[in-house]
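Subject: Structure handover

Hello,

Here is the structure I promised to pass on. Please open it first, then read the notes below.

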Amino acid sequence: LGLAGILALYATEVLRLPHANWAILTVLVLMNAQYIGSIAVRAIMRVLGTIGGAAVGVWLVGNYTSTPMIFLPVFFLVLAITSYKYGQFGARQAPYAYYLLGLTTLSVVTNGIAAPDQVWQVGIDRTEEILLGAMVALLVSTILWPRSAREEFVAVSRESLETIGELVSIQTEAYALGTESSANLEEIRQTFPARLSVLRNLLQAGSMESTFFAARLSN
């Protein structure tokens with residue numbers, strides 16, 4: 001995360017982009033996804049939402065700032081719809097694109113409403129900064145510091161199967177001897193649900209990295 005942030009800051013200075021914080025914030029948000037597939041999907045959704053939001057913001061400011069009776073209801077409607085769609089969390093990443101559409105619209109409008117003649121530049125700057133941050137995050141996560149959910153899924157699932165074998169062995173022995181459950185057995189029972197939760201998250205992230213992996217989720 002630190003490396004990606006420094007690269008994003010350096011790139012914005014070299015390209016003389018005016019809002020380095022937008023690129024760095026993009027890196028911060030995307031790198032928290034941890035895995036290659038998750039970062040790639042979030043980056044695509046972020047870029048698409050940003051482009052759409054910039055277009056909507058420029059359209060609103062460019063056409064309706066002189067008519068508040070139209071501008072304010074339409075602006076409110078855009079934010080309301082995007083907020084509602086963002087609330088529909090699920091396995092898909094589409095709600096994240098709606099979130100960026102609303103956020104970018106808000107950013108472009110609030111930055112461009114004081115100078116409507118400069119709103120195009122604000123929209124372009126915002127899009128360039130987000131695109132730069134997404135490219136840096138993808139570069140670091142795929143080439144410099146890759147972390148694959150598929151590989152971690154295989155490792156954690158192997159450990160989980162070994163734990164299941166140990167659990168069955170302990171329970172069988174306790175049943176055969178007529179003894180009570182050991183402390184080790186209770187510890188396994190308490191920690192195993194957390195491991196299953198990790199496996200579910202890795203399964204979802206891994207399916208975003210590879211169509212081969214996603215096609216065999218049932219297995």
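This is a predicted model.

Largest pocket

The largest pocket holds about 260 Å³ of space. Its lining has 13 residues. Closest to the pocket centre are Ala 33, Tyr 35, Ser 38, Asn 201 and Ala 205. Two helices each supply at least two residues of this lining: H3, spanning 36–64, and H8, spanning 183–209. H8 gives the largest share, with 6 residues. By class, the lining of the largest pocket has 6 nonpolar residues, 6 polar and 1 charged.

Second largest pocket

What volume does the second largest pocket have? It comes to about 170 Å³.

- Leu 1, Leu 3 and Ala 4 are among them.
- Met 31, Asn 32, Gln 34 and Ile 39 also belong to the lining.
- Val 140, Ser 141 and Trp 145 complete the list.

Helix H1 (2–15) and helix H6 (119–144) each contribute at least two residues here. The lining of the second largest pocket divides into 7 nonpolar and 3 polar residues, with no charged ones.

A helix pair

Two packed helices are described by the angle between their axes and the distance between those axes. Take H3 and H5, the latter made of residues 94–112. They pack at an angle of about 35°. Their axes lie 6 Å apart. Which residue classes make up the contact of H3 with H5? The contact has 13 nonpolar, 8 polar and 2 charged residues. The crossing of H3 past H5 is right-handed.

The chain as a whole

How many helices and strands does the chain have? There are 9 helices and 0 strands. From the N terminus on, the order of elements is therefore simple to write, α-α-α-α-α-α-α-α-α. The chain has 219 residues, and 36% of them count as buried.

Now the dimensions. The C-alpha atoms fill a box of roughly 85 × 40 × 30 Å along the principal axes. The radius of gyration of the chain is 24 Å. For a compact globule of 219 residues, that value would be near 17 Å.

Best wishes

Key: Residues are numbered from 1 along each chain as its sequence is written. This is a predicted model: local features need pLDDT of at least 70, side-chain atom pairs count only at pLDDT 80 or more; totals for chains, interfaces and linings use all residues. Side-chain values use heavy atoms; hydrogens and water are left out. On a 1 Å grid over the protein atoms alone, a cavity is a set of points where a 1.4 Å probe fits but cannot get out, and a pocket is an open set with protein on both sides within 12 Å along at least five of seven lines; lining residues have an atom within 4 Å of a point. Grid points are joined across faces, edges and corners, and a volume is the space filled by probe spheres set on the points. Helices (H or I, at least four residues) and strands (E, at least two) are DSSP runs, numbered from the N terminus. Ala, Val, Leu, Ile, Met, Phe, Trp, Tyr, Cys and Pro count as nonpolar, Asp, Glu, Lys and Arg as charged, and the others, Gly among them, as polar. Axes are lines fitted to C-alpha atoms, for helices over the stretch in contact, and angles run from 0 to 180 degrees between N-to-C directions. A crossing is left-handed if the near helix is turned anticlockwise from the far one by less than a right angle, and right-handed if clockwise. The radius of gyration is taken over C-alpha atoms; the globule rule is 2.2 Å times the number of residues to the power 0.38. Buried means under 20% relative accessible area, exposed over 50%, partly exposed in between (1.4 Å probe, protein chains only).
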